[in-house]
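Let's take a walk through this structure together.

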Amino acid sequence: MSKMKQDQAGMTLIVKTITRLTVGLILLYGIYIVLHGHLTPGGGFPGGVIIALSFIHLMLAFGKETALKKLDQIRASLFESAGAIMFLSIASLGFVGGYFFLNFIGKGRPFNLFSAGTIPLCNIAICLKVGAGLFLIFVTLVVLSKMEER
Amino acid sequence: MLPLFVIIPLSVAFIISLIGRFYKRTGDILANLASLSLLILSISSLSAHHIGSVSVSVYKVGGWGGFPPLGIYMVLDGLARFMLITLNLVSALVALYSINYMEKYTSKYKFYILFMLMLAGMNGVIITGDMFNLFVFLEIASIASYALVAFGTESEELEASFKYAIMGSVSSSFILLGIGLLYSYTSSLNMADISAVLAEKGYSNIVAFISVLFLMGFGLKAALVPFHAWLPDAHPSAPAPISAMLSGVLIKVLGIYALTRIFFSVIGVGHIVLSLLMFLGALSMIVGVFLAIGQWDFKRLLAYHSISQIGYVILGLSLATPLGILGGLFHLFNHSVFKSLLFLNSGAVVYSTGTRDLQKMSGLKEKMPVTANTSLIASMSIAGIPPFNGFWSKLIIIMACIQANRLGYAFWAVLGSILTLASFMKVQRYAFFGKIKAGLKEVKEVPAMMRLVMVILSIICLVGGVVIIPQFNQVFLKPAVDILLIGKQYANAVLGAIP
């Protein structure tokens with residue numbers, strides 16, 4: 001695709017400039033929500049939604065191609081499955097202590113970032129699954145509506 | 001080892017979704033291995049049972065200390081064992097059948113992902129001892145089944161799936177609302193604990209309201225008659241193996257199992273609920289078969305018969321006598337065997353001839369002997385002809401009706417059986433007997449794997465009656481009946497079994 005055509009895709013210059021400034025912050029905020037899931041309100045699901053929103057934001061402002069270049073469908077789908085498998089393996093690793101879903105890592109001091117055993121790891125897995133899943137749902141809707149127009 | 005029933009199908013589903021895109025055979029191999037190992041696991045769970053006692057084993061998820069309402073529990077009792085065996089038997093055979101049947105669809109691996117997710121959901125519903133977990137697993141199974149109904153992505157299938165999704169969501173909302181109200185009333189989500197708290201707090205109007213919500217929600221999932229409208233669209237539209245799963249086990253696990261578990265063990269069945277269920281069962285029995293008899297679409301006819309046969313199961317269970325519950329559960333097992341066989345037969349006919357319209361087929365017996373003979377056995381089973389398994393369970397249900405002095409219901413059950421026979425004579429006459437049509441001369445029998453599955457299921461139909469002789473009955477059916485008979489004593493049994 002030529003440079004010219006790519007510039008025309010998406011919304012106006014104002015939106016593109018604002019997006020360029022904010023999209024990194026949104027992504028960072030999503031990561032913050034995920035990593036502090038066990039300490040503050042939030043966790044894997046909301047954090048994953050915010051991370052997916054940053055990619056959706058990119059797609060709305062710059063058009064489909066730009067966002068898919070950063071994260072295409074196949075890779076997103078792999079992330080999604082990997083997130084689910086990771087969550088399931090963390091749960092199954094509890095069998096080393098005798099129980100499914102056992103929190104087998106040391107809990108640490110409360111309110112420290114590195115505490116609460118397997119819960120932050122679970123949050124990361126959920127974030128992968130939810131973020132990639134939500135992004136894929138959005139991409140699918142976009143692709144289907146494009147097919148309708150033709 | 002109880003969580004394995006959920007871990008195996010879930011992990012296989014996600015592994016297939018990770019690598020199924022690159023290696024074409026992963027889906028076939030992994031899904032069959034998983035469903036086979038689940039079958040072996042569920043059969044081996046029988047050996048833990050001690051004859052003559054109500055044996056319940058409880059698994060603490062996450063190893064939480066303390067007693068309910070803390071923690072999440074998985075419960076394996078007689079009824080759960082019975083349902084696990086029924087479910088995993090059908091699903092293992094269906095997975096084997098899918099190897100050949102699903103070849104004609106693109107992206108077969110996606111089929112296996114959804115199939116395994118549905119299986120995980122149903123296994124979860126059966127073994128969970130927690131109300132909210134029940135809802136979550138129920139949604140996993142339902143949502144996977146919405147997607148599977150639409151798997152062919154033709155307009156008819158999408159429409160059926162949409163209708164199914166809407167009705168399913170309505171029923172799930174009723175169930176969720178019921179669970180929410182129950183939680184606010186009892187401050188617990190553990191089924192046994194809820195049962196104990198309800199017994200302590202006594203009856204109140206909110207419990208009656210919750211019962212109605214559950215009756216509507218699970219009634220929709222089980223397709224009892226006033227709530228049946230989605231089933232005749234959804235079940236025929238799915239690919240044949242999935243039709244077999246939906247009609248064979250899904251409506252029973254999500255509908256009947258959850259309904260009986262909640263009403264018999266948790267809320268407790270009163271006289272009103274039982275007579276309501278009995279009436280709905282008899283209504284489904286008759287309305288289903290009357291609607292079925294005029295159908296010309298092979299799979300649609302079978303779908304209407306599912307409604308009718310579900311009526312028999314509900315009628316038997318709601319008699320709440322030992323004989324009635326035995327008949328209901330036995331018919332549940334038999335129906336899942338012969339109805340999945342019939343759907344697989346219809347799938348074989350579609351596979352070879354490409355049509356589901358009975359008027360367009362004739363004399364297929366000549367070209368497809370295995371399909372024709374197995375479908376004859378299944379038809380005789382569902383119509384209740386001795387010595388096939390359907391005869392014994394219907395006989396027990398009718399005897400139980402007479403024993404409970406419900407002669408009217410016994411009459412309707414007999415009438416329903418006769419009409420079932422009539423409509424299956426129509427199927428046999430139009431599809432398999434008679435002279436072969438000119439356009440069907442080139443038809444071939446289906447591949448070996450599909451034939452094998454149909455033969456295995458028809459053998460189970462033929463010898464299924466032996467389950468009722470005492471030696472088998474004592475390990476397979478009687479523990480399930482006992483759990484339902486003790487009713488709200490279930491709470492003590494589970495709470496007493498917590499390690």
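Which residues line the largest cavity? They are B:S142, B:Y164, B:K221, B:W230, B:L250, B:I251 and B:L254. A cavity here is a set of points, on a 1 Å grid over the protein atoms alone, where a 1.4 Å probe fits but cannot get out, and lining residues have an atom within 4 Å of a point.

This is a predicted model, in which local features need pLDDT of at least 70, side-chain atom pairs count only at pLDDT 80 or more, and totals for chains, interfaces and linings use all residues. Residues are numbered from 1 along each chain as its sequence is written, and chains are lettered from A in the order in which they are written.

By class, that lining has five nonpolar, one polar and one charged residues (Ala, Val, Leu, Ile, Met, Phe, Trp, Tyr, Cys and Pro count as nonpolar, Asp, Glu, Lys and Arg as charged, and the others, Gly among them, as polar). Its largest share, three residues, comes from helix α10 (residues 240-267) of chain B.

Follow α10(B) now to a partner: helix α8 (residues 205-222) of chain B packs with α10(B) at an angle of about 160 degrees, their axes 7 Å apart. The two helices are therefore roughly antiparallel (angles over 145 degrees count as such).

Finally, turn to chain A, which averages a pLDDT of 85 (the predictor's confidence in each residue, from 0 to 100). Confidence in chain A is lowest in helix α1 (residues 3-8), at a mean of 58, and highest in helix α2 (residues 13-35), at 91. Where pLDDT is low, the predicted coordinates should not be read in detail.

Methods. Heavy atoms only, no water. 1 Å grid on protein atoms, 1.4 Å probe; cavity = no way out; pocket = protein on both sides within 12 Å on 5 of 7 lines; lining within 4 Å. Helix = DSSP H or I, 4+ residues; strand = E, 2+ residues; numbered from the N terminus. Axes fitted to C-alpha atoms, helices over the stretch in contact; angles between N-to-C directions. Parallel < 35°, antiparallel > 145°, perpendicular 65-115°, else oblique.
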